[in-house]
Amino acid sequence: MIGLAAVKERVRSLTSEMTIDARRREAGMKVAVRSRHLLLTGNPGTAKTTVARLLGKIYRALGALPKGHVVEVTRTDLVGEYVGQTSLKTRAAVQRAVGGVLFLDEAYNLVNDKDDDFGREAVAELLVQMENHREDLVVFAAGYPKEMDAFLESNSGLRSRFAGSIEFPDYSNDELAQIFRAMAKSQGYELSADLLAALPEAVRRIPRGRGFANGRSARVLLEAAIGKQSTRLTTDGGADLVTLVAADLPGPGESGVGAVDDSGPRRSLPELLAELDAMIGLDSVKQRVRSMVDEMAVDARRRDAGMKVAVRSRHLLFTGNPGTAKTTVSRLVGQIYRELGVLPSGHLVEVGRGDLVAEFTGQTAPKTREVCERAAGGVLFIDEAYNLVRDENDDYGKEAVTELLVQMENHRDDLVVFVAGYPKQMDEFLESNPGLRSRFSGRIEFPDYTNEELAGIFTVMAKSQGYELSADLLAALPEAIRRIPRGRGFANGRSARGLLEAAISGQSSRLAAAPDTPPDQLAVLVAADLPGEAGVAVSDDAGPRRGLDDLLAELDGMIGLDEVKAQVRALVAETRLDARRRKAGLPVGARSRHLVFTGNPGTAKTTVARLMGQIYRELGVLPSGHLVEVARPDLVGEYIGQTAPKTREVCERAIGGLLFVDEAYTLVQGSASGTDFGAEAIAELLVQMENHREDLIVIAAGYPADMDRFLDANAGLRSRFGATVHFADYDNAQLAEIFTAMAGKQGYRLDAGLAEALPGFMARLDRGPGFANGRSARGLLERAIRAQAMRLAGPDVDLEALDDAELTLLTVPDVSAAE
């Protein structure tokens, strides 16, 4: 038999055991009781049934069985449809096999789940019959390795009965070619020299997906060749009915072997590359894939010429944000690898942490191994791979990574792994195991789509779903795309799909209200269908979407800050005029939107920054307008090499909105060791401000004198921050207003005496280093509320007798006690 070296060795070992046992028995010596029942594990078409028949004959020849015939059964031959039928059916099947071998194929199907009572009844009856016929019956149970383990666990008596096992490996390509030749010869065919030369490539192209069946797949290839020979001879009138030639082997685009598998209909390399080129955007990705194709094409030419070829890792690291077509490109690259001969099947198996990591000890490695076996012949795509190792104590995740590396080595000729995720997290993932970085030497970065590309994706998706876009929608689409939030929920192409789905929903509502709409308009989307006050872009990290007038009204309603309000309104006016000039085709000067906020604590700098982010969003300057508030510890690391990545990660979180750096001057404070990591943070901040000049605004805040020192710390800072907004301290009357407003929000009222005396209380607030303007007013209010509680809930007070109005009233004694 072709191949099966390990199987042959195992059978010979069994034969030797039985021969020695027979000699010991003849010599009157004791013979150990051995179970002759066997577990045969392996994929379909690995000759398990053929070997079972041979074993039956060997057992008979050695005297272990009186007949040695094989009765082949499956679940349907043992399990009945009604109560009481299964035991009888199983017993009848065993009676037919007595004296020989009962071969139970796909034995794991006997117990489909824990509630499969009929299947469990068949197993129980089988065990009884194996015991009743232990001298004249051998049972072979066959199936996939993992499923057969589950089968053995379904009844406590099974594992002890099937003490021996034989593993049937998949055939190699050379062995499949030998099987093809042997089958052809057995059917009276001869193979021409050109077919023999082309056969290895035809065998390699046999899909290794779920339909792969080893020797049976070789038979199917032969049958396809015989079918093509018949067509050729009928058409050409040839007389040689015996010889198969290379032209009879099915090509990749023809029906038969290799035309369709788990990765879909077979397409040529030019067709796959054309599909890649037709994808919107992704220019750098396309260039990288074409470079890989060129490398592999040249490698193939060198191999054909008998030259040495460098060993290359085909595993890849995909980095980028969600919705940037990483999975789509992975699927294409798998098929490209197939056409280039790197992979036999090219199908894609997409998994995450939950598919690889188990909940209990000992389960993770088998789970990871099973996934890799499903992907053998194609691509294993691990999305958000960094989740595999969440921290240094994640032992189960580390076990999955270790097993993954083992399987990548075991299947280095027929498995490619792509791991995908955010850039920073993927770098950390590679550091989690020393073997990862060397395996994933190739990297493809997937950039975010531009607004124009997102509009193109929207248009293509709409067309693919049978919709037409009206002229007014096409005109309004760029603005609708711009308003898609760029916060944490932004997902590139998926966000464009979300916008389309919202538009389709809007169309449905519009048409439902107009039942007489002509049929030809049912497929047309118009500008009114795009979401406005509800739907996409209404709420994101910056909060519920509000109009510009509402935001400016909130600014005007803030207490004090007259200078600040005037400057913000001036910035708004500049931005609106720039937009108008741009619309008119006039030149617009480049403006820096980054700002310095100076002022003492508690002067509403953060509140105004948050408002400005939303204002800039409504003006079209920022896509999201959310606020990320940080200070020195969020940007500066403790050790060399930590600061730049830390600052970069913070900036990436703020993309689409505002980065508010409070007490920014602390970035230039000296350290006892003389190591100035703050300067490194400033340098990286300037790089990120340049890289994201279209979708990131930085506001640096702090005391006036200290902020001058901050701006002088790096030559690039002062030119980046175009304006300074000064937040003056509140006067006593304004602090009294703030106190009153805060009290009202918490459901408290001020009696007339307190309202009149409040500015005086504010005048007596300590203006020393701890003074914090509005926060100091809040502190006084909180202490006054506690004093009121002590007054109303004292030991001599009957709480139930108090008037409800008393519970909300603050008085002069309350504030006096709080000073």
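**View 1. An aromatic cluster brings together F318, Y337, F418 and F446.** Rings of Phe, Tyr and Trp (its six-membered ring) are paired here if their centres lie within 6.5 Å. By that rule, the count comes to nine aromatic pairs. Please keep in mind that this is a predicted model, in which local features need pLDDT of at least 70 and side-chain atom pairs count only at pLDDT 80 or more, while totals for chains, interfaces and linings use all residues. Residues are numbered from 1 along each chain as its sequence is written, and side-chain values use heavy atoms, with hydrogens and water left out.

**View 2. Strand β19 (residues 595–599) is mostly covered.** Strands are DSSP runs of E with at least two residues, and helices are runs of H or I with at least four, numbered from the N terminus. Five of the five residues of β19 are buried (under 20% relative accessible area, with a 1.4 Å probe and protein chains only). L595, F597 and G599 point one way, whereas V596 and T598 point the other way.

**View 3. β19 pairs with β22 and β23.** Pairing requires at least two DSSP bridges between two strands. With β22 (residues 697–702), β19 runs parallel over four bridges, and T598 stands opposite G702. Five bridges join β19 to β23 (residues 723–727), also in the parallel sense; here F597 has V725 as its bridge partner.

**View 4. Helix α32 covers residues 774–792.** Its 19 residues should span 27 Å at 1.5 Å a residue, and the end C-alpha atoms are 27 Å apart, which agrees; the expected span is 1.5 Å times one less than the number of residues. Among the buried residues of α32 are L780, L781, I785 and L792.

Notes. Buried < 20%, exposed > 50% of the residue type's maximum accessible area, 1.4 Å probe, protein only. Phe/Tyr/Trp six-rings, centres within 6.5 Å; stacked < 30°, edge-to-face > 60°.
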